[in-house]
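Please look over the structure below before reading on. The notes after it are grouped by topic.

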Amino acid sequence: MTTVVIIVAVVLLAALAFFLVRGRGTGGRGLRRRFGPEYDRTVARHDGDTKAAEQELSERVRLHGSLSERPLRPEAREAYTRRWAEVQERFIDSPREAVVEADALLAQLARDRGFPDGDSFQEQTDALSVHHAEQVDGYRRVHTAVRGQGGTEEMRKALVESRALFDVLLSDAPQEPARTDRHEAKGSAAA
């Protein structure tokens, strides 16, 4: 009799552990941890429908989760750094041109690191959100500013916020997983 109780208890504990681990990795809490502010933005875009938002985020992970970021050659890194400094300098005299250039520079850098081409801004930001959820919103803000939405102060804020994505894409160091395990950067040199 005692053996049966022990076996049932072990089976129940194993089942409970399985469901807890499974829920943590792919469920709402796991997605919330992985995507951070991107999770909240997606839920808001779905008018509070967390199930629809979680389906979208899970689909992003399925499509882009295995993407390996390609390292940059030192010359490419230096060129990007120089071009970003030029964008910042240009902002003083020509804010609109500077954000247009920043938008194009971020798209090119993301492409050179192995993210989707950028022909579809949405596809590129979806992929970026899987790997750099904390930084992708600055890129969206720059992209919105390019479309003529916002004044000089909004463009300045967008440019400043987008710098975080620029910096993380420029770095070849693997990002420390804040909310979930991540893959290491692999691939051939680009740009």
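Predicted model: local features only at pLDDT ≥ 70, side-chain atom pairs only at ≥ 80, totals over all residues.

Residues are numbered from 1 along each chain as its sequence is written, and side-chain values use heavy atoms, with hydrogens and water left out.

**Nonpolar cores**

- The largest nonpolar core has 32 residues, and L128, F166 and L169 have the most contacts inside it.
- A nonpolar core here is a set of buried Ala, Val, Leu, Ile, Met, Phe, Trp, Tyr and Cys residues joined through side-chain atoms within 4.5 Å; buried means under 20% relative accessible area, exposed over 50%, and partly exposed in between (1.4 Å probe, protein chains only).
- Two or more residues of this core come from each of α5 (74–93), α6 (95–112), α7 (121–131), α8 (136–146) and α9 (152–170).
- Helices are DSSP runs (H or I, at least four residues), numbered from the N terminus.
- L128 touches A110, F115, A133, V136, Y139, L165 and L169, leaving aside residues up to four places away in sequence; contact means heavy atoms within 4.5 Å.
- Another core, of eight residues, lies apart from the largest one and includes F35, V43, A53 and L57.

**Helices α2 and α4**

- The axes of α2 (residues 28–35) and α4 (residues 50–64) come within 11 Å and cross at roughly 65°.
- These axes are lines fitted to C-alpha atoms over the stretch in contact, and angles run from 0 to 180 degrees between N-to-C directions.
- On the α2 side the contact is made by G28, L31, R34 and F35, and on the α4 side by E54, L57, S58 and V61.
- The residues of this contact divide into four nonpolar, two polar and two charged. Asp, Glu, Lys and Arg count as charged; Ala, Val, Leu, Ile, Met, Phe, Trp, Tyr, Cys and Pro as nonpolar; and the others, Gly among them, as polar.

**Single residues**

- D47 lies in the loop between α3 (37–45) and α4, and has a positive phi of about 55° although it is not a glycine.
- Most residues other than glycine have a negative phi.
- D47 is exposed, with a relative accessible area of 75%.
- S162, in helix α9, is buried, with a relative accessible area of 0%.
- S162 touches W84, L106, G138, Y139 and V142, again leaving aside residues up to four places away in sequence.
- T144 belongs to helix α8 and is partly exposed, at a relative accessible area of 33%.
- T144 and D103 are 41 residues apart in sequence and 9.3 Å apart in space, C-alpha to C-alpha.
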